[in-house]
Amino acid sequence: MKLMLQLKNKKAISEMLAYVLLIVIALAIGGLVYSWTLLNIPKDNENCPEDVSLIIKNYACSDGYLQLNLLNKGLFDISGFYIRANNESGRARTIMLEDTESKEAGRVVFSKDLEPGKEYQANFSYEKYGEIISVEIEPFVLGSKIILCEESIISEEINCTKI
């Protein structure tokens with residue numbers, strides 16, 4: 001009889017050990033899933049403020065150079081802009097105009113953010129393309145990275161031909 005009780009007690013211990021192991025394994029898997037989701041779910045994305053507005057106040061073309069006068073009509077500072085142009089109607093604006101000051105194609109980064117109500121004058125060379133019939137300007141702000149303001153893209157038809 002004593003032998004039977006010892007065998008039953010050992011069976012109860014192994015059952016208890018199985019439940020403990022099951023709970024430990026479930027908690028370990030839950031911890032792994034939690035840490036995986038923390039690493040793979042994107043953090044809060046930085047967004048461009050809604051009231052960013054950069055306009056072309058006026059432009060002038062001469063000798064293969066385009067001069068743009070831009071005005072920040074929005075409520076927030078702008079760090080720079082991307083500029084694309086087109087020299088054929090019906091095509092996407094794919095020409096990245098070169099800034100004559102920075103010699104960088106397609107992008108202008110202001111040395112100091114352009115504040116609301118302030119103007120900026122930029123000069124671009126288009127002489128290797130012959131003519132420019134439209135431009136597209138996309139402002140951006142700098143956070144931890146460049147944040148494009150896709151809702152504030154402006155397009156304007158212009159007529160610049162190299163004489």
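Glutamate 151 lies in the loop between strand E8 (146–148) and strand E9 (154–161); strands (E, at least two residues) and helices (H or I, at least four) are DSSP runs numbered from the N terminus. The structure is a predicted model, in which local features need pLDDT of at least 70, side-chain atom pairs count only at pLDDT 80 or more, and totals for chains, interfaces and linings use all residues. Residues are numbered from 1 along each chain as its sequence is written, and side-chain values use heavy atoms, with hydrogens and water left out.

With a relative accessible area of 79%, glutamate 151 is exposed (over 50%; buried is under 20% and partly exposed in between, with a 1.4 Å probe and protein chains only). Together with Glu50, Asp51 and Glu150, Glu151 forms a surface patch of negative charge. Patches consist of residues with over 30% relative accessible area and no salt bridge, like charges being joined within 9 Å and nonpolar side chains (Val, Leu, Ile, Met, Phe, Trp, Tyr) within 5 Å. A salt bridge is a side-chain nitrogen of Lys or Arg within 4 Å of a carboxyl oxygen of Asp or Glu.

A nonpolar surface patch is made up of Leu17, Leu21, Ile25, Ile29 and Val33, which together have about 480 Å² of accessible area (Shrake-Rupley method, 1.4 Å probe). Leucine 17 belongs to helix H1 (residues 2–40) and is exposed at 52% relative accessible area.

Four aromatic pairs were found in a search of the whole structure. In one of them, the ring centres of phenylalanine 81 and phenylalanine 124 are 6.3 Å apart and the planes stand at 70°, so the pair is edge-to-face. Rings of Phe, Tyr and Trp (its six-membered ring) pair if their centres lie within 6.5 Å; planes under 30 degrees apart count as stacked, over 60 as edge-to-face and the rest as tilted. Phenylalanine 81 is in strand E3 (residues 78–86) and phenylalanine 124 in strand E6 (residues 119–125), 43 residues apart, and the pair thus links distant parts of the chain. Phenylalanine 81 is buried, at 0% relative accessible area; phenylalanine 124 is also buried, at 0%. Ring pairs join Phe81, Phe110, Tyr120 and Phe124 into a cluster.

Aspartate 63 is placed in the loop between strand E1 (54–62) and strand E2 (65–72) and is exposed at 58% relative accessibility. Lysine 103 is placed in the loop between strand E4 (98–99) and strand E5 (107–114) and is exposed at 55%.

Conventions: Lys, Arg positive; Asp, Glu negative; His and termini not counted. Charge placed at Lys NZ, Arg CZ, Asp CG, Glu CD.
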